[in-house]
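The exercises below are meant to be worked with the sequence and the coordinates open side by side. Each one sets a task and then follows the solution step by step.

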Protein chains: 2
Amino acid sequence: MKSTPAPLGPKADKDTVRRNNLSLVLRAVRDVGEAGEATRAGVAARVGLTRAAVSSLVEQLLDIGFLTESGKTFSGQAGRPGTALKVARTGPAGIGVEINIDYVSVCVVDLAGTGRVRQTEHLDNRGAPPGEVLARAARIAARTLESAREQDLHPVGAALGLPGLVRGGSVHQAPNLGWNRVPAEELFANALDGLRPGRTALAVRSENEANLAALAELWFGGLDKVRSFLYLTGEIGVGGALVIDGELLRGAHGFAGEIGHVVVDPAGPECRCGSRGCLEQYAGQAALLRAAGIDGAGGVAELERRARAGDARAVAAVDGAGRMLGRVLSGAVNLLDPDAVVLGGIYRGLMPWLSPPADEELTGRVVSGLWSRDGGRLRASSVAGDAARGAAALVVRDVLTDPVAYAW
Amino acid sequence: MKSTPAPLGPKADKDTVRRNNLSLVLRAVRDVGEAGEATRAGVAARVGLTRAAVSSLVEQLLDIGFLTESGKTFSGQAGRPGTALKVARTGPAGIGVEINIDYVSVCVVDLAGTGRVRQTEHLDNRGAPPGEVLARAARIAARTLESAREQDLHPVGAALGLPGLVRGGSVHQAPNLGWNRVPAEELFANALDGLRPGRTALAVRSENEANLAALAELWFGGLDKVRSFLYLTGEIGVGGALVIDGELLRGAHGFAGEIGHVVVDPAGPECRCGSRGCLEQYAGQAALLRAAGIDGAGGVAELERRARAGDARAVAAVDGAGRMLGRVLSGAVNLLDPDAVVLGGIYRGLMPWLSPPADEELTGRVVSGLWSRDGGRLRASSVAGDAARGAAALVVRDVLTDPVAYAW
C-alpha cells in the first residue's frame, strides 16, 4: 500500500510564491478575458488573493508587457471603477509546426491562445527523405516567424507535431511516412537555425500530432465540462489521443492513443504497421476513398460532395467506416468510460453519414447502457484537429506557467 | 488553455500538519518494516523531518496503539542504538467482502496490510435474489468479524467488491449475476447491523471487484516499478481494471475497465450484456470449459489438470482463449501503452498455455514494436486477483491517511 500524499514541504520561498502568483493572475486575466472584462478586483476575487497583492502583481505584468490595460470599466459592484485588463497581443508567443502525410501547417499563437499567423502547404511528404521534409517545414516556419515579427510577436519556442510514435525528440516510427528512428527535433532545429543567422536559436520539442490536436480541442474546443475524452483524427492514417482529467495520457513509452492500429479483423488487409486488419485499413482516408471509388485527385472534398449529393457508393463507404469506428470505439469506451469521443480531421466533415452507424454500434455494445441515454458523447471536433495550434499553445503554456522566466 | 496549477494556499494550520506527519511516519514504519527494521532515525531520514519531530510523532502513535516497539537495534551507522518500530498487529483494521458469481470471500487486513482472517464460501450466487446474496455475505462477514475480535483487530469500515458496474453504492448492472440497480451497500449494511446488535455500525463502501483486485496487485503484488497497468481477471465473466500512475482510472461513470465486453467478433454469440461477440464469450470461464469439453462439475481445476496432462482439447481451448485475449489486449496496449498487463483469476493457473499465443498476438499487433523487446510485460497476477484483500486494504488506507481520526 504505497499510497503517497506528499509531505508538507517547507514553506515555499518568497520568489517562488511571487512567480507562481504572477502566473495565477496572468491566467486569470486570460480566462476572464474570454468571457468579459477583467479588472483587478475581479481577478482578486477569482484567485483568492487580496486586492493589494493583485494590484502589485498586475503592475509587474504590465511592466514586462504581458498585460495591457484600457479605459475605465464599472463592475456593477460597489467601489471605484477599475480599468479593463487584457493579455498582451504582442510579445511572447509560441510556434507550432504540424508535419503530416500530405501537408505542413504552421501556426503562431499569442499569450491569449489566439492563432495569429498561419501558413499551410499541401504536399506529399511520403516522397522525400525525412531530412528534406523537416528542412521544408523549417523553411515554412522561418517565413511564418518573419510574419509574426511584423506583428511584434516573438515565439519563445517551437513544437513539432508528427504523425507517428514520438519519444525523446525522435520519431520512433511513422508508418505512413515510412520513417523509423528519425531525430526530428535536431534535424528541424538545425535547418531552422541555418535559415536565421544571428537570431537566437528556438528551443524545439516534438509530440504526436493527435496528442496536440487533442490538446487544442481541450483548450479551445468549448468542451465545457468534458475533461476526459478519446480523440480520433482521420487523416491518411487514423491518429488517436487520450485526455484523462484534463491531461494527456502518454503511456509507458509515450505511445498511447494508437487507436488506428486496434485490430478489427485479425485476417484483414496488411497494415503498414506490420499487423493485419487494423482500424486504419477500414476507416483511414485511403480505405474510405477506395471504397467510394474516388481516386487520389478528388480526395475527401469529392467524397463529401458525393455523399451530400446522395451518391450511394459514397454514402455506403462512409457508413461502413462509421460502423468499424463504432465497433472499435465501443471497446475503447468499455475500457475507459470517457465523458466523450471527439472525431476530428476528415471525420469532421463526414459526420452526417459517419456518426449514425458509429452511434448505433456504440449504443448496442457499450455495457453500461448509458451511451445513448447520456447523449452527445460522440461529437465532431470543433477545430478540425488543429495540431499546429495545439503545438503552439503548448509553448505558450510554459510562458503562462512562469511569466518571469520569459520576460525581457 | 485551462491548465491549473493550484494556488499556493495559506500555510496549513498546525493540527493539519501534525496529522499529516503522523500519517507520514506511520506509513514510513510500515514501508521500512516490509524490508527491514524501522528506527526513529531511519524514519526521520526517510520522511525528511528532524529526529526530534519524529520521536514526538512516534510517541503519539505508540500511545494510541498504532505502533509497537521492541528490543534494541544497531543501525550500523554512528549514534545511539534505536529500538525497532513496528506497525501494530492489533487495533484498527479493514474488512473486505468479495461477492462473486460462484463464491463469497471475506478478508480482514491489519494496519501493515497483512491478511489476518479469511473466510471463503463457494456457492452459486446466480440462483438467489440480490437481497439474499447480500444477507448471506453479511453473515459470513459477521463471523469473520468475530474471529478478528478474538485477535483484537477492529475493522473501522467494510468494502464490498462486486462483479459489475458499481456506482454510488449501487450495482448499476452485473450481467452475470443478473443484477440491475441493486442498492448493495444499503442491503449489506442493514443485514450486517441486524447480526451485530449493540455494536457500532460499520461504514460500508462498494467497488467493482476487478478494481479492488488491481489495487491488491498494485499494493501487494511486488510490481516494483510498474505503476501503470491493465489488469484482467478471468472469472465467470472477464473483469478488468486500469491503473494509471498508481491510481485507479474510474471513468466518467465509474465504469472503466470493462475489457470483457470489448467486441471480438461483431456477429459472435450473444452476451449477457446485450451485445454480441464480446471477449467474455471466448475467454470467460464458461467458454473455456465448453471448448475443453468439461462440464461444470470439474471446473477450472480439471481444465488445468487436463492441460498439464497434455490433453489436446484442453490445450487447444486455452490456446484459443489466449489468442483472443492477445488480440483484444493488443488493441488496449495500442490505446494505453501500459507498463504491463497482469492476468489474474483463473488465468493465473493457465498461464503456461494461455500466455504464448497471447504474447504472439501482442508481439505482432502492438505498433511500437516494443512489446517483445521490453519483455515481461504480460505477467500473471501475484495474488490471484484478490479483491477481498484489496477491499480491506482500501479501508486501512483511510486509517493510514489520518490515524488520529481512528484513534480511540
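A crossing of two helices is called left-handed if the near helix is turned anticlockwise from the far one by less than a right angle, and right-handed if it is turned clockwise. The model used throughout is a predicted one.

**Exercise 1. Describe how α2(A) packs on α3(A), giving the angle, the distance between the axes and the hand of the crossing.**

Step 1. Two packed helices are described by the angle between their axes and the distance between the axes. Helix α2 (residues 40–47) of chain A and helix α3 (residues 51–63) of chain A meet at an angle of about 115 degrees, and their axes lie 9 Å apart.

Step 2. Angles of 65 to 115 degrees count as roughly perpendicular, and α2(A) is therefore roughly perpendicular to α3(A).

Step 3. By the definition above, the crossing of α2(A) and α3(A) is right-handed.

Step 4. The residues that α2(A) brings to the contact are A:Arg40, A:Ala41, A:Val43 and A:Ala44, and they meet A:Arg51, A:Val54, A:Ser55 and A:Val58 of α3(A). Divided by class, the residues of this contact are 5 nonpolar, 1 polar and 2 charged.

**Exercise 2. Carry out the analysis for α2(B) and α3(B).**

Step 1. In chain B, helix α2 (residues 40–47) packs against helix α3 (residues 51–63) at about 115 degrees, with 9 Å between the axes. This makes α2(B) roughly perpendicular to α3(B).

Step 2. The crossing in which α2(B) passes α3(B) is right-handed.

Step 3. From α2(B) come B:Arg40, B:Ala41, B:Val43 and B:Ala44, which meet B:Arg51, B:Val54, B:Ser55 and B:Val58 in α3(B). The contact of α2(B) with α3(B) has 5 nonpolar, 1 polar and 2 charged residues.

**Exercise 3. Determine the orientation of α4(A) relative to α5(A), and list the residues through which they touch.**

Step 1. Helix α4 (residues 130–150) of chain A packs against helix α5 (residues 184–195) of chain A at an angle of about 45 degrees, and the axes are 8 Å apart.

Step 2. The two helices α4(A) and α5(A) are therefore oblique to each other, and their crossing is right-handed.

Step 3. On the side of α4(A) the contact is made by A:Pro130, A:Gly131, A:Leu134, A:Ala135, A:Ala137, A:Ala138, A:Arg139, A:Ala141 and A:Ala142, and on the side of α5(A) by A:Ala184, A:Leu187, A:Phe188, A:Ala191, A:Leu192 and A:Leu195. Sorted by class, the residues of the contact between α4(A) and α5(A) are 13 nonpolar, 1 polar and 1 charged.

**Exercise 4. Work out how chain B is related to chain A, and which elements of chain B face the partner.**

Step 1. Two copies of a chain are related by a rotation about an axis and a shift along it.

Step 2. At the interface, 58 residues of chain B are in contact with 56 residues of chain A. The elements of chain B that give two or more residues to this side are α1 (14–35), β8 (170–174), α10 (312–336), α11 (347–365) and α13 (387–401). The largest share, 7 residues, comes from α10(B).

Step 3. The side of chain B that touches chain A has 29 nonpolar, 20 polar and 9 charged residues.

Step 4. Since 97% of the interface residues of chain B are also interface residues in chain A, the copies meet through the same surface.

**Exercise 5. Locate A:Arg181 and B:Asp224, and decide whether each is buried or exposed.**

Step 1. Most residues other than glycine have a negative phi. A:Arg181, although not a glycine, has a positive phi of about 50 degrees, and B:Asp224, likewise not a glycine, has a positive phi of about 60 degrees.

Step 2. A:Arg181 lies in strand β9 (residues 179–182) of chain A, whereas B:Asp224 belongs to the loop between α6 (209–220) and β11 (229–234) of chain B.

Terms used
Residues numbered from 1 in each chain as written. Chains lettered and ligands numbered in written order. Predicted model: local features only at pLDDT ≥ 70, side-chain atom pairs only at ≥ 80, totals over all residues. Contact = placed C-beta atoms within 7 Å. Helix = DSSP H or I, 4+ residues; strand = E, 2+ residues; numbered from the N terminus. Nonpolar A, V, L, I, M, F, W, Y, C, P; charged D, E, K, R; others polar. Axes fitted to C-alpha atoms, helices over the stretch in contact; angles between N-to-C directions. Parallel < 35°, antiparallel > 145°, perpendicular 65-115°, else oblique. Least-squares fit on C-alpha atoms with pLDDT ≥ 70 in both.
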